[in-house]
Amino acid sequence: MQEQLINFLMYIIYIPIVIIIHELGHALFVVLFGKEVRELGFGEDLFRIKKFVVKRNIGWNGGYCSWENIDSLAWYQKILIFLGGIILNLLTATLVWIFGDVQYADWYRSFIILSYFIAVINLFPFKFKSNITRIESDGLQCIKLLNSLKQGK
């Protein structure tokens, strides 16, 4: 019973961490391609660094990453931005899996499972309503971009 409680608590603790890692993955590729990240999260400002804002609601209420216009980037750069969260989730989970000490597996197993789960879910094309707007999944954004390329837009 105690082991199950610990596993449940680990999931609760890791949910916001995995979502923040996901949003930082998008931000990483935005910055790598020379664009600016405007904000992470929803709601009121938590803190601000120049033009970059971290909002109070990130993690438990989902994730959100806003960046400047990326229309000038190549299609593959946009795809990497859209998939950046998935890439970072898969990378961090895999690194923890490979380098994690088996002795502490009960403590990090839920991080790995949640990271893979968030990565897979975000590949599915869907829209959902957040606190402020309708958001498209990473998979849907990629499909829309690839369809626009196919149609010559």
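1. Tyr11 (Y11) is a residue of helix α1, which spans residues 2-32. Helices here are DSSP runs of H or I of at least four residues, strands are runs of E of at least two, and both are numbered from the N terminus. The model is predicted, so local features need pLDDT of at least 70 and side-chain atom pairs count only at pLDDT 80 or more, whereas totals for chains, interfaces and linings use all residues. Residues are numbered from 1 along each chain as its sequence is written, and side-chain values use heavy atoms, with hydrogens and water left out.

2. Y11 has a relative accessible area of 28% and is therefore partly exposed, a class lying between buried (under 20%) and exposed (over 50%), with a 1.4 Å probe and protein chains only. Leaving aside residues up to four places away in sequence, Y11 touches S110, I113 and L114; contact means heavy atoms within 4.5 Å. Y11 and F111 are 100 residues apart along the chain, yet their C-alpha atoms are separated by 7.1 Å.

3. Helix α3 (residues 105-123) packs against α1 at an angle of about 45°, with the axes 8 Å apart. Axes are lines fitted to C-alpha atoms, for helices over the stretch in contact, and angles run from 0 to 180 degrees between N-to-C directions. The two helices are therefore oblique to each other, as angles under 35 degrees count as roughly parallel, over 145 as roughly antiparallel, 65 to 115 as roughly perpendicular and the rest as oblique.

4. T92 belongs to helix α2 (residues 75-99). A polar atom of the T92 side chain lies 3.2 Å from the backbone oxygen of N89. Not counting residues up to four places away in sequence, T92 touches I21, F111 and S115.

5. The strands form an open sheet of four, in the order β2-β3-β1-β4, with mixed pairing. Because β2 (42-49) and β4 (65-67) stand at the edges with a single partner strand each, one side of each is left without a neighbour in the sheet. Neighbouring strands are turned by 25° against each other on average, direction ignored.

6. Within this sheet, β1 (residues 37-40) pairs with β4 in the antiparallel sense over three bridges; strands pair if DSSP finds at least two bridges between them. V37 stands opposite W67 in β4.

Methods: Polar contact = N/O pair within 3.5 Å; in protein donor to acceptor, adjacent residues only side chain to side chain.
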